[in-house]
Amino acid sequence: MKKMTTEEQGLFEKLYRADEGREEILHSLGKMGSMITLTFLLPFALEKGEEVRKAALAAVHQITSRLRKQDLISLDQYIRRLTPYSNRNQLAAWHEVLPEDIRNFSINDEADLSFIGICSFHRNGYVREAAIEVLLKQVTGAELPFLLIRLNDWQPKIRYLAFKACKVRFRPNYVKHFLESIFLLKHLSAYYNREKFSDFLEEIDAMFRHPDNGDVLRSGFHSKDPVVRRFCFDLALNLHDIDPDEVIADALIQKDAMIRLQTVRYLCKQDDNERLRKWLDRIRHDVFPSIRQLALQAYVDRLPEEATDALLAALLDGHKSIREMARFYLRDKKIDLVAFYRGKLIDAEEQVIPIAIVGVGETGVKADDQWILPFLHHENERIQRAAVKALAMLNPEDHIEVFIRALQTNKRSASREASDKEGAPL
């Protein structure tokens, strides 16, 4: 867990000394604070003074709201390991909190609920038990992550209470909250071993798959949590009640490359060549190389009659592994690859020229360096960089002065190409 910043430490020093203005300091800590900051705010959330207490609760909630579900697991482990001797002066009120204090705590808003949720991480098992009893009565969805984490508590009674609380939430209008906590459910399946939760998880999976929850699943496509988005797209692609083309169209415009990748993998495994053909041209222009590579492989394996054109286009891909893949599958076509790349140096658009230059370097012979030399002085820096790279592959011995000049240039990219080439002696 990261340490507090110097600014945060300074604010806490002011907080401990101040008699007035503590609310403003707590507000500032809530805006910038991390998990470690949250820990030191907990005693202030137990103060008797209402204004300070509310400001501290708001700060705790502000920080908690920024945490990912996996961060809550780390926070639970950290707080449970705090002994009564850990930062005794600053955390005394937290160490000494009683179960009755928790049971008597009135929950009026989300900030109060977040604090009780953090109390379910307390080292004292009776305090954790009291916190779960309070959370059991809340049904806003904000309590669910804390209940799921306590399913692996080392106290059997607390595990049972948390399990009971989760089970009563198996209702149609609560599915969206289980969905937002999918990381914790996956974690429960993979790592929790004090109890077996296979039946519990199967019931939740059945809820996600139920036709009535299709809209909930679609809403997950736009969740802020990437784990939720990936899960929803993956599940939706395999449900009969949702049109795959609807899901594919939404998935392929996602910024998250992993969603696009898992969608393309799904497409490539299907037997429907017409659906694959419908999306393949779009997929092969994806910015993520692994997706373009899958598209190219799909042409070769599934649509061989269209593969040659796709492979020729891939010879000018910006990624080396895809160019190599295209050349591998074109090896039986008797194509003069270096001639292909040399031709692109003459009549191609400027954005293609750097790739064609590198292509000459990858497929040419020593004498082809004459095709590259004119581009060393091109006004386009990317083309200059490609020329240095190609010369390093073709004929490094005869162009030592080129690499020296490139190393001395103020243009870092060209200098890097010169220094990175193993074949270029310096």
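Guide: Contact means heavy atoms within 4.5 Å. The model is predicted: local features need pLDDT of at least 70, side-chain atom pairs count only at pLDDT 80 or more, and totals for chains, interfaces and linings use all residues. Residues are numbered from 1 along each chain as its sequence is written, and side-chain values use heavy atoms, with hydrogens and water left out.

Visitor: At what angle do the axes of helix 18 and helix 20 cross?
Guide: Helix 18 spans residues 257-269, and helix 20 spans residues 289-302. Their axes (lines fitted to C-alpha atoms over the stretch in contact) come within 10 Å. The angle, taken from 0 to 180 degrees between N-to-C directions, is roughly 10°.

Visitor: Are helix 18 and helix 20 roughly parallel or roughly antiparallel?
Guide: The crossing angle is roughly 10°. Angles under 35 degrees count as roughly parallel, and those over 145 as roughly antiparallel. Helix 18 and helix 20 are therefore roughly parallel.

Visitor: How many charged residues are in the contact of helix 18 with helix 20?
Guide: Asp, Glu, Lys and Arg count as charged. In this contact, 8 residues are nonpolar and 1 is polar. The charged residues number 4.

Visitor: How far apart are the axes of helix 2 and helix 4?
Guide: Helix 2 covers residues 22-32, and helix 4 covers residues 50-66. They pack at an angle of about 5°, which makes helix 2 roughly parallel to helix 4. The distance between their axes is 8 Å.

Visitor: Which residues of helix 4 make the contact with helix 2?
Guide: On the helix 2 side, the contact is made by Arg-22, Glu-23, Leu-26, His-27, Leu-29, Gly-30, Lys-31 and Met-32. By class, the contact of the two helices has 8 nonpolar, 3 polar and 5 charged residues. The helix 4 side is made by Glu-51, Val-52, Ala-55, Ala-56, Ala-59, Gln-62, Ile-63 and Arg-66.

Visitor: Is His-95 buried or exposed?
Guide: His-95 lies in helix 6, residues 88-95. Its relative accessible area is 15%. Buried means under 20%, exposed over 50%, and partly exposed in between (1.4 Å probe, protein chains only). His-95 is therefore buried.

Visitor: Which residues does His-95 touch, not counting those up to four places away in sequence?
Guide: Leu-42 sits 53 residues from His-95 along the chain, with 10.0 Å between their C-alpha atoms. Residues up to four places away from His-95 in sequence are left out of the count. The residues touched are Leu-82, Thr-83, Pro-84, Ser-86, Arg-88 and His-122.

Visitor: What does Gly-364 count as at 21% relative accessibility?
Guide: Gly-364 is in the loop between helix 24 (353-363) and helix 25 (369-372). Leaving aside residues up to four places away in sequence, Gly-364 touches Val-338 and Leu-394. At 21%, Gly-364 counts as partly exposed.

Terms used. Helix = DSSP H or I, 4+ residues; strand = E, 2+ residues; numbered from the N terminus. Parallel < 35°, antiparallel > 145°, perpendicular 65-115°, else oblique.
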